[in-house]
Amino acid sequence: MSSDGRRSLRAKFGVVVVAATAVAAACSSGSKGTSSTTKAPTGVSSGGNTTAAPAYNPNGVLKYGYDFSAQFSNIDPGKSQSPCSAIVTGPIFDTLIHRDINGKLQPGLATSWETTVNPNTVTLHLRPGVTFSDGEALDANAAKTSILHNATNTQFSDLQDMSKTDPVDVVDPETVRLNFNSDQPPVAVLYNLTGIEGELVAPNHIADAATNPVGAGPMEFVSYTPGSSLVEKANPTYWGKQSDPWHIGGVTFTQVSVGPPEVTALKSGAVDIVAIQPSDYPAIKGNPQYGINTQSATDYLQFQFRFTPPFDNLAVRQAVEDAIDKSQINQVVQSGLGEVATETYSKNSPAYDPSLANLYSYNPAKAKQLLQQSGLPLPIKIEMAIPGGNIASMADQGAIIQQNLDAVGFNVSIKPIPGNAIASQYYIGGEGNAFAAQRPGEPYPPVQIADQWATGQFVAKYSKGENPQITSIINNALNAGTPDQVFGLTKQALGIVMNQALDVPIAFSVQVSGYNTSRVGGQVYAQTGVCDIPIMNGITVKS
């Protein structure tokens, strides 16, 4: 990894994702959106599900709430500046690879793939016999044309790292090979192809993809009213009509602003289903007119160390791990909907290691003992930075942490820092011993560790957390050729992180979908990330 960091590793500095800023923060950055597979496994949901209706309207149109003002940029994946555009464009174009609700890669327009390192390549075997909705064949030549089109998007496309001389090879009529520069991890590309970068536009419609998009997904474009709605209808030539059918006649994505307006739109009948903020969950909780589904996301509430005194002391860090009441914070900040964290990855991540789950627990008596063993005079004074701007959830989290730590032998003062000054004041300026906020997650697990402890990364550098051992392991993970190798190495690095108490993950954030039970039947899944393409193949519109 270079000293200034790999292009695909974004410098994270505690961006707070709450209420109306959730979508804006995630979608105005270089963050990758990820596509959820249309195959919806059962028994995964952490929220309420509908009961499969005995009858439904196969021509029914689902009204889906979506914030065009904060989430949308452009229908054309080669021009969109927001990964959250994929929420509405994914059903039209489909993606080369899908990612299921557990974060695992699944076939999409490509049925299988291989990667190599040195040279760094991704070979995609396309689904045979697929056509775009205009009748054009989706073969290797068409895929190459569309991939090269997407690579012109400089905003967030790792396709920019393809070789300039021979970026895409047509191996045979149903196979393409993507050739990358040596610093682009090929397995990371697979995850990126589950989002906007993996959407394929029909070559004959690339020129007008922003106004008349044509793809090979389950839906066809009907109309778009800027800032108001995007209307789609079922694609009669969809490749998955038999193997992965959708059960609705269309989707109308309707403007609904993030926050309380989401619940208002649901209650008024303006929409049938909408993502809602955890803080708004109580407004429909227990009402049989509305169903709820929740999914854990990769974002997490976090207490982050600066690895200078007193947090260069292992016993002090371990004391923090045992002193914080994570369940209370989850209840107060996320209405109890989040997954209380035991490590840096949630339970549905392929990098989650169950052997680390019981390292720490809420145990104030043990925390007091550890502080006494640290050899430092008590109380230990620390200044904890939190995001300023009167953000209630962050203030609440900070107050609970302060109370928890003071109770075991710390003396904590809280320093609010404006969101636009966190980088300059906390990280670069060194104001504060720790930072309590909500950390944006990563769909590709190794990056979650690399950002925070690998040499040269922003957070690692300015929190004094650069760790040569972790850097070596995570570099090998990023350059590994198969997912099994990637996640095996990532778990090795995770073991160091948790055993050395380098991270205090508190609770994973939660995505919540609310829906009208009189209109929506079948299986409903919340998104697994703010920009993920919703899983809609299990949804029905009731007759």
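The model is predicted. Its protein chain holds 15 helices and 19 strands. The chain has 543 residues, and buried residues make up 60% of them. Among contacts in the chain with a separation of 6 or more, 72% come from residues 24 or more positions apart.

Start with a sheet. Four strands form it, in the order E4-E5-E7-E6. The sheet is open, and its pairing is antiparallel. Strands of a sheet pair through backbone hydrogen bonds, and the pairing can be parallel or antiparallel. Which strands stand at the edges here? They are E4, residues 110-116, and E6, residues 168-172. Each has a single partner strand, so one side of each is left without a neighbour in the sheet. From one strand to the next, the twist averages 20 degrees.

Look now at the E6 end of this sheet. Strand E7 covers residues 175-180, and four bridges join E6 to E7. The two run antiparallel. Asp172 stands opposite Thr175 in E7. A helix lies across this part of the sheet. Helix H4, residues 140-150, lies across E6, E7 and strand E5, residues 120-126. H4 runs at about 170 degrees to E6.

E8 spans residues 219-225, and E9 spans residues 229-234. Six bridges pair E8 with E9 in the antiparallel sense. In this pairing, Tyr224 stands opposite Leu230 in E9. E8 and E9 form a hairpin with three residues between the strands. Gly227 in this hairpin takes a positive phi near 75 degrees. E9 also pairs with E10, residues 250-255. That pairing is antiparallel too, over five bridges. Ser229 has Thr254 in E10 as its bridge partner.

Helix H12 takes in residues 445-453, and helix H15 takes in residues 483-499. They pack at an angle of about 40 degrees, with their axes 9 Å apart. H12 passes H15 in a left-handed crossing. Which residues meet at this contact? H12 brings Pro445, Pro446, Ile449 and Trp453. From H15 come Val486, Phe487, Thr490, Ala493, Leu494 and Val497. By class, this contact has nine nonpolar residues, one polar residue and no charged residues.

Is Asn404 buried or exposed? Its relative accessible area is 6%. The cut-off for buried is under 20%, so Asn404 counts as buried. Leaving aside neighbours within four places in sequence, Asn404 is in contact with Ala323, Ile324, Asp325, Gln328 and Tyr362. Take Asp325 as an example. Asp325 and Asn404 are 79 residues apart along the chain. Their C-alpha atoms are separated by 7.0 Å.

The other asparagine is Asn537. Asn537 is found in a loop, between strand E18, residues 520-522, and strand E19, residues 539-541. Asn537 is buried, with a relative accessible area of 11%. What does its side chain join? A polar contact of 3.1 Å joins the side chain of Asn537 to that of Asp244.

Notes: Residues are numbered from 1 along each chain as its sequence is written. This is a predicted model: local features need pLDDT of at least 70, side-chain atom pairs count only at pLDDT 80 or more; totals for chains, interfaces and linings use all residues. Side-chain values use heavy atoms; hydrogens and water are left out. Axes are lines fitted to C-alpha atoms, for helices over the stretch in contact, and angles run from 0 to 180 degrees between N-to-C directions. A crossing is left-handed if the near helix is turned anticlockwise from the far one by less than a right angle, and right-handed if clockwise. Contact means heavy atoms within 4.5 Å. Ala, Val, Leu, Ile, Met, Phe, Trp, Tyr, Cys and Pro count as nonpolar, Asp, Glu, Lys and Arg as charged, and the others, Gly among them, as polar. Buried means under 20% relative accessible area, exposed over 50%, partly exposed in between (1.4 Å probe, protein chains only). A polar contact is a pair of N or O atoms within 3.5 Å; within protein, one must be able to donate a hydrogen and the other to accept it, and residues adjacent in sequence count only if both atoms are side-chain atoms. Two strands pair if DSSP finds at least two bridges between them.
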